[in-house]
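Please find below a note on the model under discussion.

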Amino acid sequence: MKLAIGVCFVILAAAYAEGDWSRNCYFGSSLCNADTGCSYGCWKNVCWSQCNGVCTIADIIEEMKKHDEIHDGHDIIDKLTPDASTCAKCAEWCYLDDGEGNYNPCSSNSDCEPVKLNQCVSHCAVI
C-alpha cells in the first residue's frame, strides 16, 4: 500500500513539474491546453479561449505579492492580458484573434487548435 501511494505521488509530482495546468481548464465540454490551463474551442462559429479577467485580478495580485513580482503597474497588466502564461480556474472567456485583428472562424473545436494561444480580440467576459 505504501508503495502504491509513493508511486502515485511520484507520478503526480512529475506531471506538475512538467507544467500540467489542465486542472485549471474550467470548461469541461471543450478542449484543454494542459500547458496553460486554458479551455478553448468553437462557439457560434468563432474560436474562443478561457482568459484572465475580473474574477482573477485579486488572486493574481495576491500571488504576485507573495513572490515579490510587482514592480510597477505594468507587471500586473502584463499578467492579466489574455496571452498570460497560464489561466486561473475561472469562468471567463474571450473570442480569439485570427492574427489580423478579426474573429477566428471555426466549425468545430479542433479548428481552434492552431489559434489557441492567440490574443483575445474581444473582452474577457464572465459567463
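1. Basis of the note. This is a predicted model, in which local features need pLDDT of at least 70 and side-chain atom pairs count only at pLDDT 80 or more, while totals for chains, interfaces and linings use all residues. Residues are numbered from 1 along each chain as its sequence is written, and side-chain values use heavy atoms, with hydrogens and water left out.

2. Overall composition. The protein chain holds three helices and five strands, taken as DSSP runs numbered from the N terminus (helices H or I, at least four residues; strands E, at least two). Their order along the sequence is α-β-β-β-α-α-β-β. Of the 127 residues, 32% count as buried, that is, under 20% relative accessible area with a 1.4 Å probe, protein chains only. Among contacts (heavy atoms within 4.5 Å) between residues at least 6 apart in sequence, 62% join residues at least 24 apart.

3. The sheet. The five strands form an open antiparallel sheet in the order β1-β2-β3-β4-β5, where pairing requires at least two DSSP bridges between two strands. Strands β1 (31-33) and β5 are the edges, each pairing on one side only. Strand β2 is joined to β3 (residues 46-50) by four bridges, and W43 stands opposite V46 in β3.

4. S39. This residue belongs to strand β2 (residues 38-43). S39 counts as buried because its relative accessibility is 0%. Beyond residues up to four places away in sequence, S39 touches C25, Y26, F27, S30, L31, C32, W48, S49 and Q50. A polar atom of the S39 side chain lies 3.0 Å from the backbone nitrogen of F27. S39 and A91, 52 residues apart in sequence, have C-alpha atoms 9.8 Å apart.

5. D97. This residue sits in the loop between β4 (92-95) and β5 (125-126). D97 is buried but has no salt bridge, and K116, the nearest side chain of opposite charge, is 17 Å away. A salt bridge here is a side-chain nitrogen of Lys or Arg within 4 Å of a carboxyl oxygen of Asp or Glu; Lys and Arg count as positive and Asp and Glu as negative, with His and the chain ends not counted. The D97 side chain reaches the backbone nitrogen of G99 at 2.6 Å. Leaving aside neighbours within four places in sequence, D97 has contacts that include N102, N104, V115 and N118.

Note on methods. Buried means under 20% relative accessible area, exposed over 50%, partly exposed in between (1.4 Å probe, protein chains only). A polar contact is a pair of N or O atoms within 3.5 Å; within protein, one must be able to donate a hydrogen and the other to accept it, and residues adjacent in sequence count only if both atoms are side-chain atoms.
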